[in-house]
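I opened this notebook to keep track of what I looked up, one stop at a time.

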Amino acid sequence: MTVPPEQQAREAELAHRVERSFDACTNPRLRMIMTALVRHLHDLIREVRLTEHEWTQAIDFLTRCGHITDDKRQEFILLSDVLGSSMQTVTVNDQACGDATEATVFGPFFVEGSPQIPVGGDIAFGAVGEPCWLEGTVTGAAGEIIPNARIEVWEADEDGLYDVQRGDDRIAGRAHLFTGDDGRYSFWGLTPTPYPIPHDGPVGQLLRAVGRSPMRASHLHFRVSHPDYRTLVTHIFVRGDQLLDSDAVFGVRPSLVKDFVRQPIGTPTPDGRVIPDKTWSRAQFDIALAPTDA
Ligand code: BEZ
Ligand code: FE
């Protein structure tokens, strides 16, 4: 649409005046953010020639996000997730550092204080799914092994639900462990399966309106920490998963896609565990942590 010069000048003058309204802000960071926000917001309104009806719909949408948000449900973070803003914030802050493992979104299903398991232990605690043996080494970006790194892992069960979504007090599909003196870790988990992000609220309506799926690519969450290194929040994904290119929250990074190799029924496990009548899988995930100051 062509906007006549006189109209353009009017709109630009308003945008400029609103930007200037932050000139007196004594917090330079806040001033910078608010000025940029207003600049981009006004550009958006002018670019799409936003109608007053659309503006009302947008306000109504945000109001509904607020109404459905409580201490268990955060629709605004979900909105940020599906707009890729969460992942972009992770990307901006997780500065590339040599071969350090890449970060991805945290997601809403982490719980502090998960049970501790030994190396080789099982995080399922009754969560149902195909058993999966995961192992790897935690090193620094220069290759030095890191003993005693804390590894927290959490994942959905084969129904695509995290324990906290079951509405009871169960703790399942999550645990933490520490790397041994050789920097190695291993544990039994479940082969990850795809699941939808919560889509029964306004964000789900938005996804449907734009023809997008709420499904997340199959993944297993990790948070790896050690006092001398930058904490890593990441997931690993399953090579071959059809959803890798359409993850609802844009969390997939090629470097985090791993081979989950399915083992036929009866294949001996690395730790001599007996798994009757079931396949199991195994995957390797070597983790490199960046230095704290990276
Ligand atoms: C998750 O992976 O757990 C998740 C991430 C973002 C939004 C919803 C769920
Ligand atoms: Fe998840």
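Before the first entry, I note the cut-off I used: a polar contact is a pair of N or O atoms within 3.5 Å, and within protein one atom must be able to donate a hydrogen and the other to accept it. I also remind myself that this is a predicted model.

**Entry 1: T35**

I began with T35, which is found in helix α2. Its side chain reaches the backbone oxygen of R31 at 2.6 Å, a distance that falls within the 3.5 Å cut-off. Buried or exposed, I asked myself of T35? T35 counts as buried, because its relative accessibility is 16% and buried means under 20%. Leaving aside neighbours within four places in sequence, I found T35 in contact with E19 and F22.

**Entry 2: the whole protein**

Then I stepped back for an overview. I counted six helices and 12 strands in the protein. Along the principal axes, the C-alpha atoms fill a box of roughly 80 × 40 × 35 Å. Of the 294 residues, 43% are buried. I looked at contacts with a separation of 6 or more, and 70% of them come from residues 24 or more positions apart. The accessible surface comes to about 16,200 Å², and carbon and sulfur atoms hold 56% of it. I also checked the charges: there are 28 positive and 42 negative ones, and their mean positions are 4 Å apart.

**Entry 3: ligand 1**

Which residues are around ligand 1? I listed L78, D81, G107, P108, F109, Y162, Y195, I197, R216, H219, H221 and V249. I then looked at polar side-chain atoms facing oxygen atoms of the ligand. For R216 the distance to an oxygen of ligand 1 is 2.6 Å. For H219 I noted 3.0 Å to an oxygen of ligand 1, and for Y162 the figure is 3.5 Å. Taken alone, ligand 1 exposes 270 Å², and the protein buries 100% of that.

**Entry 4: S218**

Next I went to S218, in the loop between β6 (215–216) and β7 (219–225). S218 counts as buried because its relative accessibility is 4%. What does S218 touch, not counting residues up to four places away in sequence? I wrote down P192, T193, P194, I236, F237, V238 and D241.

**Entry 5: T104**

I found T104 in the loop between α5 (85–93) and β1 (131–140). With a relative accessibility of 2%, T104 counts as buried. The side chain of T104 reaches the backbone oxygen of G251 at 2.7 Å. G251 is also among the contacts of T104 beyond four places in sequence, together with M87, V90, V233, T234, H235 and L256.

**Entry 6: R49**

Where is R49? I located R49 in the loop between α2 (28–48) and α3 (52–68). R49 counts as partly exposed, because its relative accessibility is 26%. Its side chain and that of E11 are joined by a polar contact of 2.5 Å. Setting aside neighbours within four places in sequence, I saw R49 in contact with M1, V3, Q7, E11 and E54. R49 and V249 are 200 residues apart along the chain, and their C-alpha atoms are separated by 28 Å.

**Entry 7: two phi angles**

My last check was on backbone angles. Most residues other than glycine have a negative phi, so I made a note of two exceptions to that general rule. F125 is not a glycine, yet has a positive phi of about 45°. I found F125 in the loop between α5 and β1, the loop where T104 also lies. F125 is partly exposed, with a relative accessible area of 43%.

D277 is not a glycine either, and its phi is positive at about 60°. I placed D277 in the loop between β10 (261–263) and β11 (280–284). Why does D277 count as exposed? D277 counts as exposed because its relative accessibility is 68%, and exposed means over 50%.

Key: Residues numbered from 1 in each chain as written. Chains lettered and ligands numbered in written order. Heavy atoms only, no water. Helix = DSSP H or I, 4+ residues; strand = E, 2+ residues; numbered from the N terminus. Buried < 20%, exposed > 50% of the residue type's maximum accessible area, 1.4 Å probe, protein only. Contact = heavy atoms within 4.5 Å. Areas by Shrake-Rupley, 256 points an atom, 1.4 Å probe, with all protein chains shown as cover. Lys, Arg positive; Asp, Glu negative; His and termini not counted. Charge placed at Lys NZ, Arg CZ, Asp CG, Glu CD. Near = heavy atom within 4 Å.
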